[in-house]
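Biologist: I'd like to learn how to read a fold like this one. Can you walk me through it, feature by feature?

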Amino acid sequence: MIVEEETVKIKSVLLFIFLFFVSNPVIAQGNRLGISPVQLFLSGEPGSTASQDVWVFNKGEGAFLFECEFSDYWFEDNKIKAAPLGTYEERQAGPWIQCNPNRFLIPGNRRQRIKVTAAIPKEVDGDQFAAFNAKMLPPENIEGESNAKLGLSGRIISRIVVTALGTQKPQAEVFDAQVSTKKRFQVFTAKLKNLGNVHLMGEGSLILERENTTISSKSNVILPFTFPGMTQEIEATLIEKIPPGNYKAVLTIAPTQKIGGTSLVSDFPVVVR
């Protein structure tokens, strides 16, 4: 009797696992799909075209159908959003970006290079954004929509930033800045609002000034991707001890080659408690 009960339990568990993976194809098979790079930064003068090569990888044994499309990409309540084209209008590049080829079968353990091209309108300025949707579909879908099978085997959504060169205006406001003690260390905290027309992202250094004293803080301020108009909280642990008082701070943010972007220097008051 005990053996029969254990057998029933094992069968129930196996059935649950099977149903879970069938009903969640992205989890079961999504790791077969890969793209490189996972973020795209294109740039060109208004009225020109800009392009970048992207590699699509099939890391599994069987073939799948690759398909790409673009969607709107923005922030709302400081959360990143992606939705079909036409959902959001401000600074959206999706309608004038394409990939070539955009639909093909890729065999197992192979890779395919595609080209993503942006036709930058003459009237845009600063950064424009889009989401690049790389989709892995059942290979039978190559026959057409009428024979398409239901279900998405996997998807990767990556960020695209298109910069209209010569029109960038980086600007930011830093406020609520203070240095307080947390767990025996001094920690710099502040809020940064992007007031310019380009994204901000990168690593920075902090300098504090008071009267005739200048303190170059041995800290690393990391600013995550920040859309124009977006506010981010920034934080950094200070290595050396800063005496209490009111200071003028100078924050320098510099992007890396991989993430692109524009350097920023901002000064603001900070209180060291």
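Modeller: Let's begin with a sheet: seven strands make an open one, in the order 14-13-16-17-11-12-15, and the pairing is mixed. Strands here are DSSP runs of E, at least two residues long, while helices are runs of H or I with at least four residues, all numbered from the N terminus. Two strands pair if DSSP finds at least two bridges between them. Keep in mind that this is a predicted model, where local features need pLDDT of at least 70, side-chain atom pairs count only at pLDDT 80 or more, and totals for chains, interfaces and linings use all residues. Residues are numbered from 1 along each chain as its sequence is written, and side-chain values use heavy atoms, leaving out hydrogens and water.

Biologist: Which are the edge strands of that sheet?

Modeller: Strand 14 and strand 15 (231-238), each pairing on one side only.

Biologist: What does strand 14 pair with over nine bridges?

Modeller: Strand 13 (residues 200-210) pairs with strand 14 (residues 213-226) in the antiparallel sense. Gly204 stands opposite Val221, and Leu206 faces Ser217. Two residues lie between the strands of this hairpin, and Glu211 takes a positive phi near 50 degrees there.

Biologist: What about the sheet with the order 1-3-8-6?

Modeller: That one is open too, with four strands and antiparallel pairing. Strand 1 (33-36) and strand 6 (97-100) each have a single partner strand, so one side of each has no neighbour in the sheet. Inside the sheet, strand 3 (residues 49-58) and strand 8 (residues 110-119) pair over ten bridges, with Asn58 bridged to Arg110 of strand 8.

Biologist: Now the inside: how many residues does the largest nonpolar core have?

Modeller: A nonpolar core is a set of buried Ala, Val, Leu, Ile, Met, Phe, Trp, Tyr and Cys residues joined through side-chain atoms within 4.5 Å. Buried means under 20% relative accessible area (1.4 Å probe, protein chains only). The largest core has 29 residues, and Phe66, Ile97, Val116, Phe132, Ile160 and Val162 have the most contacts inside it. Apart from it lies another core of 25 residues, among them Val174, Ala190, Ala236 and Val270.

Biologist: Which residues is Val116 in contact with, leaving aside neighbours within four places in sequence?

Modeller: Contact means heavy atoms within 4.5 Å. For Val116 the list includes Leu40, Leu42, Val54, Phe70, Ile97, Phe132 and Ile160.

Biologist: And what share of the whole chain is buried?

Modeller: Buried residues make up 42% of the 273.

Terms used. Buried means under 20% relative accessible area, exposed over 50%, partly exposed in between (1.4 Å probe, protein chains only).
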